[in-house]
Amino acid sequence: MADHIPLHPVRHLQKRLEYYPGRQSRYRVEDESSSLDEMPLMMSEEGFENDESDYHTLPRARVTRKKRGLAWFLFGGWKLLCTSCCDWLANICRRKKEHKARTVWLGCPEKCEEKYPRNAIKNQKYNFFTFVPGVLYQQFKFFLNLYFLVVSCSQFVPELKIGYLYTYWAPLGFVMAVTIVREALDEFRRYQRDEEMNSQLYSKLTIRGKVQVKSSDIQVGDLIIVEKNQRIPADMIFLRTSEKSGSCFVRTDQLDGETDWKLRVAVCCTQRLPALGDLFAISAHVYAQKPQMDIHSFEGTFTREDSDPSIHESLGTENALWASTVVASGTVIGVVIYTGKETRSVMNTSNPKNKVGLLDLELNRLTKALFFALVVLSVVMVALQGFIGPWYRYLFRFILLFSYIIPISLRVNLDMGKAAYGWMIMRDDNIPGTVVRTSTIPEELGRIVYLLTDKTGTLTKNEMVFKRLHLGTVSYGTDTMDEIQNHIIGSYAQGCSSHGHSAGSSTISSSKATSAPKVRKSVHSRIHEAVKAIALCHNVTPVYESRAGVNGETEYAEADQDFSDENRTYQASSPDEVALVQWTQSVGLTLVSRDLSSMQLKTPGGQILPFIILQVFPFTSESKRMGIIVRDDSSGEITFYMKGADVAMSSIVQYNDWLEEECGNMAREGLRTLVVAKKSLTEEQYQDFENRYNQAKLSVHDRSLKVAAVVESLEREMELLCLTGVEDQLQ
């Protein structure tokens, strides 16, 4: 049923002008009424029946035919042919297996329909049989080494022999020996790192209890227990956690380079089980999409078949634990769905290749130039003799005699220097912990001219500070934040004195907004609504450090937990979120607790405001916004809050004449802007949305598009509350 949800495109295709006005019949652009499903995936054969003049007319289809003769073969063509042949043979030997979607039964690897790759990390370039041939090929594809190889081999011909064999073969053998030893050391270090990762022990949950297994022996379908600060060995679905909230944080810096912790949520069905061993008492399986590279998307379903009726839960990125990430809080239990080459981390890692520095390329070009000068000089010497007798033999002998113009010792010094550079870098006290993974390009560090980098956390401190709040008619900066605090204190003090006036006023304001949205609210109420929206619309979780008991043991009882402001820290996937919540705390509205289904705010007078979290729509790079639907537990009012970038929110909020201008002003001051809006929902509206949203989440095909289409049905004519500005200072 979920697969039949209609998708309504947000942006309609606009008619474009014909690129080739003279060929309308062949290069016709479809208008916006054409259906995407009716468009062919490939052109028909008639579309390719163009004469030769067509190819010269099309700007991106020019045909350039190069003459490939003896000169092309000598000056690089042979290397291209050899590389093509090696790639062809490698592709034949490594026949890539087509990835398919899979059904994984909990704790039953033997039920897997196919054989999946081993969960072993392998970053080595060669194996036992390909090491020597591979190293020799990488060396002799350079003109310098190939030249000395040809010169050395020529001494086996009696007519061309002009000296002892060791005078030619000894230097070449020494160069090759140094290179092979250097590559062998690098390969051995890579092997040690791989073996260390593959030998890490993990607890595997079985019917008989826990057993220790190596990371390389983990299979699809295994139930793996990962402790705090332990690396996740394979891609898993998050089933259970020791945290009472049913969620945990993971560090993904080794996967995407971001230092902020990411929140992951356990499957509700398995988290509610009384004991850990009950995972084997149920009949459940996970349907996972085929392996892919995108670490920010995942589509799957969890099904429990032994219940009546069957339980179905949709799985997304928030339920997935990718390999090479680290558990930051609690203990997690997951079922393995991808191993080895099919994990996200390995699929986003390119195959190890031999890296060549600019110095080697320059040396290769210089060698070719010296060889050309050497040939010219030999021809001149033969010409001075008048080309008498077997002059071609004399020509080759002159080339051999002048071969010392190209110094083979330069190559030796270069390789030994690179090895010395790598050794010095790893033992530099100013950069402790640096690992040189390849010793072929350390000199490239000295050739850096431009350093291209992002801004956040690299050029900046990645420490966000709230600087400005703009309400349309009035703006508050750092020097006027005390006015906002006074408004918040007065608002909730008035609400307490009138026995819950805050809840009632919000209900009244909601009804007024529904009946007469054009009524301008007072600055007092607008500040109250803006601060409340900022305190609710986020993915921040407050964390409290547990106190140590008398015997040194940690006490987890909530009665003994220290909930003071000094013991509270905030964790979120973005530092902007933390900065906003910390600012609301500074003006009097504090986030004191949050779990998967509820959130509590504390007013300046100490009153606790409970809210029920109905839905959360996380931030994505495509939508550039995040939203949350909450229910006020005291009044029952349902509110949809949303915040995001101005480019995404400008078309969602109601018409205004100040948003674009103020966003530009804050951007010129170097502030990161967020637009905050809200929309009140009735119970009927939310129930209708929830039904459509759950159906879309259970869809197997085009789930993300269907979910986005359902959410966008709410994102219409939202009330603009405020514009925030956060500063990330430069380092």
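Predicted model: local features only at pLDDT ≥ 70, side-chain atom pairs only at ≥ 80, totals over all residues.

Reader: Where does Ser324 lie?

Author: Ser324 is found in the loop between β11 (320-321) and β12 (326-327).

Reader: Now to the charged pairs: how many salt bridges does the count come to?

Author: The general idea is that side chains of opposite charge can pair when their charged atoms come close. With a cut-off of 4 Å between a side-chain nitrogen of Lys or Arg and a carboxyl oxygen of Asp or Glu, the count comes to 18 salt bridges. One of them joins Glu342 to Arg102, with the closest N and O atoms 2.8 Å apart. Because Glu342 sits in the loop between β13 (332-338) and α8 (344-347) while Arg102 belongs to strand β1 (residues 102-105), this pair ties together parts that are 240 residues apart in sequence.

Reader: Are Glu342 and Arg102 buried or exposed?

Author: Since buried means under 20% relative accessible area, Glu342 is buried at 5%, and Arg102 is buried at 3%.

Reader: Which salt bridge does Lys467 form, and what does that pair tie together?

Author: The side chain of Lys467 meets that of Glu727 in a salt bridge, at 3.4 Å from N to O. Lys467 lies in strand β14 (residues 460-470) and Glu727 in strand β24 (residues 719-730), so the pair ties together parts that are 260 residues apart in sequence. Lys467 counts as partly exposed, at 24% relative accessibility, and Glu727 counts as partly exposed as well, at 23%.

Reader: Which residue does Glu683 meet in a salt bridge?

Author: Glu683 meets Arg631, at 3.0 Å from N to O. The pair links distant parts of the chain, with Glu683 in helix α18 (residues 683-697) and Arg631 in strand β21 (residues 625-632), 52 residues apart. Glu683 is partly exposed, with a relative accessible area of 33%.

Reader: Which residues are linked in a network of salt bridges?

Author: Such a network links Asp360, Lys418 and Glu443.

Note on methods
Residues numbered from 1 in each chain as written. Heavy atoms only, no water. Helix = DSSP H or I, 4+ residues; strand = E, 2+ residues; numbered from the N terminus. Buried < 20%, exposed > 50% of the residue type's maximum accessible area, 1.4 Å probe, protein only.
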